[in-house]
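Please work through each task with the sequence and the structure at hand before reading its solution.

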Amino acid sequence: MIKKNIYAALALLAGAVFAFSQIATATDYAAPNDVGLSADRLENLKKHIADYVASGRLVGATTLVAKQGKIAHFETYGHINKETQTPMSEDAVFRIYSMTKPITGVGLMMLWEEGKFKLDDPVSKYLPEFANQRVFTGAEEDGSLRTVPVEREMTIRNLLTHTSGLTYGVFGNTPVDQLYIKAGVFNPELSLAEQTRILGGLPLLYQPGEAWVYSLSVDVQGRLIEVLSDQSLGEFFQNRIFEPLGMNDTGFQVRPDQLDRFVEIYAPSEEEKQLVAYRGDFYGDFTVKPNSESGGGGLVSTTLDYWKFAQMVANGGELNGTRLLKASTVEIMRQDHLPDNLNGIAGGQQGLGFGLGFAVVQDVDKQGGSTNIGEYFWGGMANTIFWIDPKEDLIAIFMTNILPSGIYPLRNELRDKIYDAVDAD
């Protein structure tokens, strides 16, 4: 009996240590007023998101605001699962979808620092399946595609800036997008290596460097990481990013011990009168290990884990004495790399450029909502978002899981509420 009690106590202690490792330490927090934020106006942010939940437009969410490297606001709202009425928790695990992309970009640039490749190397130097590609120019009446040879091969820089010639296959309906689906690029039984081999044999949508198109470029980056590091993408992330930063709840699979805090994903019912659990085309079973670890959208994470990643980037590649990147490398990544002829994302209409893994605000008026030039950010399909503002030394993170993307104007509303707290006298 005594031994059993001792073992039970040790198990509880181990669990407590593990749980503590999941959260930020007391030194990572500060009162809002101590870092130049208005506590009263941050309450407006809290009320705004709480109203979304109370009205049934969201089931649950979290908001985090850090300034000067300290978390000054961290709130939870609603429920992890409305059927079980499990309250939202600080360590809730979310599908972050495309917020995976900046992590992949950081991983690739870590290998760049090690001299594994040059940014303007052709992708085919490391992934031969991308050699001798052809570019779509039109479709014949019988549905066959007209193509021409590439004028120059796609480079790794093109992958990092979404100017590779690739498309996504699920967000557009061009003949090339349709070909991705017909060719089985998204077959869940395939490995990442098999997916990129298929992708490399398909026509590009446009000549590399001639357009910005949101694409599978980051999944190809993930395969590059595997080849250059001689590890699976998940192993590389775990060994080189997650473990060093203490991101203990981030990965490509939800562990059994995380299931009770894994956030259900919702979408409006057909009548749009209430939210129901989503099981559509973009639903994936994260409780099983994927055959293909998607660097473009495959991770789950927590709000605090993602803050650790974002704070590392905001600090110039370092967090609590652990350095993943040089400050000069982060500086390169957060600068606009789109050539003048592209005029930014969406023809410049959104006031955005694109760096090496992040969108970059170039024109505040066109972007809409409060922001600053130089802010860099990205979001996830299930309406998550984060941004880093170097001018204000500020990080903001919003987590929820609801589809479709952009269902509410949350992102601009979040910016307005948070910058209202920054600008307060």
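Helices (H or I, at least four residues) and strands (E, at least two) are DSSP runs, numbered from the N terminus. The model is predicted: local features need pLDDT of at least 70, side-chain atom pairs count only at pLDDT 80 or more, and totals for chains, interfaces and linings use all residues. Residues are numbered from 1 along each chain as its sequence is written, and side-chain values use heavy atoms, with hydrogens and water left out.

**Exercise 1. Backbone geometry**

Locate His-162 and Asn-320, and determine whether each is buried or exposed.

Solution. His-162 has a positive phi, near 60°, and is placed in the loop between helix 4 (156–161) and helix 5 (175–182). Next, apply the accessibility classes: buried means under 20% relative accessible area, exposed over 50%, and partly exposed in between (1.4 Å probe, protein chains only). His-162 is buried because its relative accessible area is 2%. Asn-320 also has a positive phi, of about 50°, and is found in the loop between strand 10 (318–319) and strand 11 (322–323). With a relative accessibility of 65%, Asn-320 counts as exposed.

Identify the peptide bond from Leu-403 to Pro-404 as cis or trans.

Solution. Omega is near 5° for this bond, which is cis. Pro-404 belongs to the loop between strand 16 (394–399) and helix 12 (410–423).

**Exercise 2. Salt bridges**

State which parts of the chain are linked by the salt bridge between Lys-67 and Glu-392.

Solution. The side chains of Lys-67 and Glu-392 meet at 4.0 Å, N to O. Lys-67 lies in strand 1 (residues 60–67) and Glu-392 in the loop between strand 15 (385–389) and strand 16, 325 residues apart. Both residues are buried. The whole structure contains 18 salt bridges.
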